[in-house]
Every structure is written in C-alpha cells, then in structure tokens.
Amino acid sequence: MALSELGLFSQAIILFAALVLFTSFIMLGQTRTLPLIFTFAWQGVLLGVVTALVAVVSGHHELFVSAALTVVLKVVLIPWLLYRLSIRLNMHYDAEVIKHPSLLLLSGAGLVIFSYYVALPIVHLSGLATRNTIAVSIAVELIGMLLMCVRRTAVAQVIGFMSMENGLFFSAVVSTYGMPLIVELGVAFDVLVAAILFGVFFVHLRDSFDSLDVVRFNRLSESDRPSAAGEGAAPPGAHP
Amino acid sequence: MTLLEITLLAPLAGSLLLAFIGHRPVGGWINVATCAVTFAASLAMALGVFANGPLLSSGRMFYIDAFNVYLVALTAFVGLTSAIFSRPYMRHEIERGRVTDRRLRLYHSMYQGFLFSMLLALSTNNLGILWVAMEAATLTTVLLVSLYRTPEAIEAAWKYFILCGVGIAQALFGTVLVYFAAETRLGMARGDAMLWTVLHDSAGGNLDPAVISLAFVFLLVGYGTKVGLVPLHNWLPDAHSEGPTPMSAVLSGLLLNVALYSLVRVKMLVDASLHTNLAGHLMMGFGLVSFMVAGLFLHRQHDIKRMFSYSSIEHMGLMTFAFGLGGALATFGALLHMTVHSLTKSAIFVTVGHASQLAGTQRIDQIRGLIRTQPTIGWGLLIGTVAIAGFPPFGVFVSEFLLLMATMQSWPWLAVPLLVGFGVAFAGLFRHLHPMVFGEPPPGQKPVAANMLPVAVHLFLVLWLGLMIPAFLARWFEQATVLISGASLL
C-alpha cells in the first residue's frame, strides 16, 4: 500500500515507528552513559506516541492506558532510576570504546532485514492497519539484544534489556492492538521490579568488583585457567 | 474460600508477613507453617480434581487439570520439606555471620514469593499471566542467589538475571505471536485468545502453521532457557551452586519442572495446529544435546553443587527429549521422571548442604570421609546419587527404562546415545562421589547437627515409586498422558 494512500494517522504511525528504530541505532553507537539513558527515554516517548496513535486508529481505547503506562515507566521512572544511580556511582563520565563501530551498525542493519524476513508470515496473515510496522518492532527487539551482546558496561546491558522490552511491547501493540490489559499490567510490573533489582545489583557489583565492566565478572567458568581473582582466592562457599 | 484460593494466597500472605518478621527465630517456623497450609490445600484440591475432573475457575483465570494438579501438589510438598530443612540451616548461617538479619528477612519473604509465582504459573489459564509468573519466579530468586554477597555469588546472580531475562523476553514474543494467531485467524473476543482452554478446545487445528511454528521456536528458546537446555544453560550451574542450599534445592527441584510444564502446555497447542512433528523434533534435538553435553561436563567439575547442577541439566534434557518423542509410553515416563527427579534432586542438595557444612568447603577434592565422620550424611549422599544415576529399584530407573523402551519403538538408533549418556553420567557422578564418601577423613572433622528426615522421606518416596506406583498416582499420570499425547498407556 503506497504511503500516500494511507490516512494521516496511519502515516504518522509508520513515521514514528521508523523514528523508534532510529533511536535503537543511536543507542548502538552511543558510548557515553548519560546520553545513552536519555536516548532510551526518547525511545520511550516515541513509543508512547505510536501507542496513542494506534489507539486512535484502531478504536481500542485501553491502548491509551498502555501508552500512559509506558510513558510513566520507560520515560520517567526507569531513566530517572538509572540516571540517579549513574551519578551516585560516579559513572556519568565513563565512556566505553566500541571496537568496530561500522561493523556494529551494519549488523544492526542486517538485523532489520532479517526481521522483515521473519515477519513475512505474520504480515501476510494480519489485517491490521499497523502491519507494516511489525518488522520494525522485531528489529527493535533484536537490536536491543545486539546491544546487550557487544557492550561492556552493566548500564549499557540494562539499557539493552529495557530496549528489548520496548521492542516486545511495540510488537504486541502493532500486531494485536495490545494484549489484554491484565497481561500488560503484569508485564509492566515485572519490568519495573526488574529495573529496581538491576539498580540494587549495580551497587553490589560496584562493591564487589570495583567496576561495572562486565568483562571483569569472570570468576565462574568451566575452564581451568586461574580467574581474575588469582590463585589465592578462597574457593566458593568456603568458610570466611 | 476455595482450595485454589488458599493454595495461592497462603504463600502470598506468608511473603508479606515474613518481609517484616522473617529475621526472628519464629520466621523460620512461619515459613514452615505457611508451606504446610499450602501443601494441605493443594493436596485436597488434587484429590478433588482427581475425583471430579478438571477445575476451571469462574472468570476462567485458573485451570487445574490432571497435568498441573500433581505438579502443584509436588511443588507444595518439596517447598514444605525444603522449608523444614531451611529453618535450622539458616539459623546456623546467621550464627556464623554469613547472612545479616535484613537478608534473612529478604530470604524468607522471597522464598514464599517464589513459591507463589511457581504455583501461579502452574495454575493459570492465561498464557500472558504464565509469562508474568515465570518472570516473577526469576525476579524473586535473583537476590537470593547473591545472598552471601561474595563476588562469585553476585556474578552468578547477574548472569542468572541477564540470561534468564533475555531468554524469557523471547518467550514473551512467542506468546504475542500465539495471541496474534488466535485473534486474527479466529476473530475471538480479545480476552479469550490468551486462554489456554479456549485455544486448546476451539482453536485446535485452526491456527496458521507458519505463525505458530515461529511462535513455538521463540517459546522453546524462551522457556527452554529456564529449563536449562544446552546451549542456553550457562546460568544454571552458577545460580544453583552459589545460592544458599535450600535455594539450590528448590531451584533444581521445582523451577525447572515449572518451565518444562510451560513448554509442554505450549507444545500441546502447537501440535494440534501443525500437522508436522516440528515441535517434537525440536524438543528431541535440544533434549538429546543437553543430555549428552551435561553428562560430559559432569566429569570436569570441582565444586560439588556444580556437579549436581549439571546432573539436573542432564535430567531435564532427558525429560524434554521424552516429551518431544511423544506417544503414551514416553509421556508417562517423562511425567514420572519429573516427579522422581524433583524429589531426588532436592534430597541430594539438602545432603550436599550438610556435607559442605561438615567439610567447610564445597570443593570436591577437599571433602573426604563423609561416611566415617557422620554416617547419615554419607549414606544419604550415596543413596541419593545411586538414585539419581538411575539404579534400580529407585524411581529414576523406572522412568529411564520406560523412555528407553519408547525410544527403541520409534527411533531405535537414538537409544545408543541415550545408553552411552547414562553410562558417562554414572561414571562422572561416582568418580567424584567415591572419594568424598569413602575417603580418609581429614583430622579434626566433626559431625554437624543435621536433620536428615526430609532426605529420608524423599528417598523413601522415590524408592516406593520405583517398586510400586500407587494406583491413584498411576491413574493421575494416565490422565495427564492422555491429555498430553492423546494416547492411553494403561
């Protein structure tokens, strides 16, 4: 269906979905912690706008509740939590180095193409006005996973995890006009608890490992090489 | 108040209460009491379902049929015996200073919260709530794995959190796809398309094959991560070995079962719509690989709890293989295996907890002479390992034998890797166990206060199930077999 044949709101949905995907790519390349958190917040804003537009186009007004929930959780609460933690743990000036940035971004593009392929049977079957954006939602989820795979700081991994949840929420909205409200509430509750637990973890990780660089968390492994703790470390579970 | 409501609300209430007073000595007793109430209610409910047939709650939120009712009773039972073990164990830990008051409150509160989320996952009819409960089960236990706050424990908890979180996110996408297939193809009312009963009864055979196979792949990866299928298992040995022993017992004995239950529920939906055996073949493949890889990894372990965690992965792989194989014989064997593995593995972890308290370490090469220093622990570990390795007359032998028979009937050549795997796992377990139990005890090793009653009860039940399955239990398994595989065994 040509873009100009769709109604105004449907065109807006496609535009904002593309902007959500764009923020995913920005997060892939963003090396500094605070801008990463803000980009994630922007993704939440755009996602809330898309959800509200879908609510208007589809006539399912409970999506307005979902949109409000997303905005409160993913634009206000979770970025604020991460921002406060970053300041408290003095991480806000940290910047990690991405080894092969162009390769990373091209992989992201490859994932988008793969998502279009994966979404083919779904789009074929769907009669919804938003079916053009199903592939975009899968891509946002996969790029969130890519973010978790390649980044070294724990904050970036948490942002990647939350971005994955964004993609999943987005896919539920555009493929089925949102899941039943009780399920949406349950998922939102789980995400909130997960964010709080991540916050608790950052403090523990900082205290134990003196860093939030995940490459350092390697004491437990199957190989017999000496771990970062050195040979004199007490074996796990020994008496203090 | 119905029995189902009691079963679900008791752990929830216990969790809230223990958040405030869990650190006092009475906290341990409240934990045990709540578990006892839950177990009594679940047992009564189970007998009711066995007599009257499946139970669908008003509002269709909860559905108890033959498959999940015995899992609910089993979960409540193992929760109870682990709580009985945990009470003196955690008092000992707090005396030794390994946990603080605040963490003990967290421990007791999250123990009940964990039981609640597992019981919710088992009894819900709504696929979305099933997902929420599985994620909640991960979230409640994450802080418990890192309870001792050593670097290794925190690393293990982080790994558990990230890997299980990512895995389960894939399962959410799979759930969305199932909902999508049901809603578009069948034009159902919005709430209905998430309900398992509706999908199974009226939608069977009508869901679009391409979308539903895509959904199954995502759900297999997602819930399979929680089951511990290779190559998604990396969190399991760390999480099960670093947490306190009662946590290892319930994680190994119960959570893996609940994840496998979710997978089989979804498979029942998929099989009706897909006319190929894709779901079965995928589960067989993952199950067989997990079984063989875990058996090999058993040999390399230096930590006793890690070794038994790999044994858990191996048995869950076997069960996944059995459910994937399908047919009445394999399904009956898998259901029996879920029960006996849960009982045996939790008993083993309890014994291992006492053994590591005795020896002061979890390292295999530093634990020696258990049977000389404290015969109950030595014998408990020996008999437990004999049971889990699949020796007759224990129940694990019966379920593995049924599985082998089923494999030889439908896929004869696959019996060869199964037999080799059994041998490899047995060799690995006993090679490590022998010096621990029979070796020369180090000087100055003294017995510890250990309550081996839960272990004895579990192992006795496993022995009973191996010699003679009681008629009501056999008929229970039979009903579940008919439900899952469509064919009858007895």
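Reply: Let us begin with the extent of the interface. In this predicted model, about 5100 Å² is buried between chain B and chain A, with carbon and sulfur atoms giving 70% of that area. The contact draws on 60 residues of chain B and 58 residues of chain A.

Me: How many salt bridges and how many residue pairs in polar contact does the rule find across the interface of chain B and chain A?

Reply: The rule finds zero salt bridges between the two chains. Two residue pairs are in polar contact, both at pLDDT 80 or more.

Me: Which helices of chain B each supply at least two residues of the side that touches chain A?

Reply: They are helix 5 (127–145), helix 6 (151–186), helix 8 (209–227), helix 9 (235–242) and helix 12 (304–325). Helix 6 of chain B provides the largest share, 23 residues. Classified by residue type, the side of chain B that touches chain A comprises 29 nonpolar, 14 polar and 17 charged residues.

Me: What span does helix 8 of chain B reach from its first C-alpha to its last, and what lies at its ends?

Reply: Helix 8 of chain B reaches 25 Å, close to the 27 Å expected at 1.5 Å a residue. B:Asp208 caps its N-terminal end, with a side-chain oxygen 3.3 Å from the backbone nitrogen of B:Ala210. After the helix comes B:Gly228, which has a positive phi near 95°.

Terms used
Residues numbered from 1 in each chain as written. Chains lettered and ligands numbered in written order. Heavy atoms only, no water. Contact = heavy atoms within 4.5 Å. Buried area = accessible area lost by both parts, 1.4 Å probe. Salt bridge = Lys/Arg side-chain N within 4 Å of Asp/Glu carboxyl O. Polar contact = N/O pair within 3.5 Å; in protein donor to acceptor, adjacent residues only side chain to side chain. Helix = DSSP H or I, 4+ residues; strand = E, 2+ residues; numbered from the N terminus. Nonpolar A, V, L, I, M, F, W, Y, C, P; charged D, E, K, R; others polar. Expected span 1.5 Å × (residues − 1).
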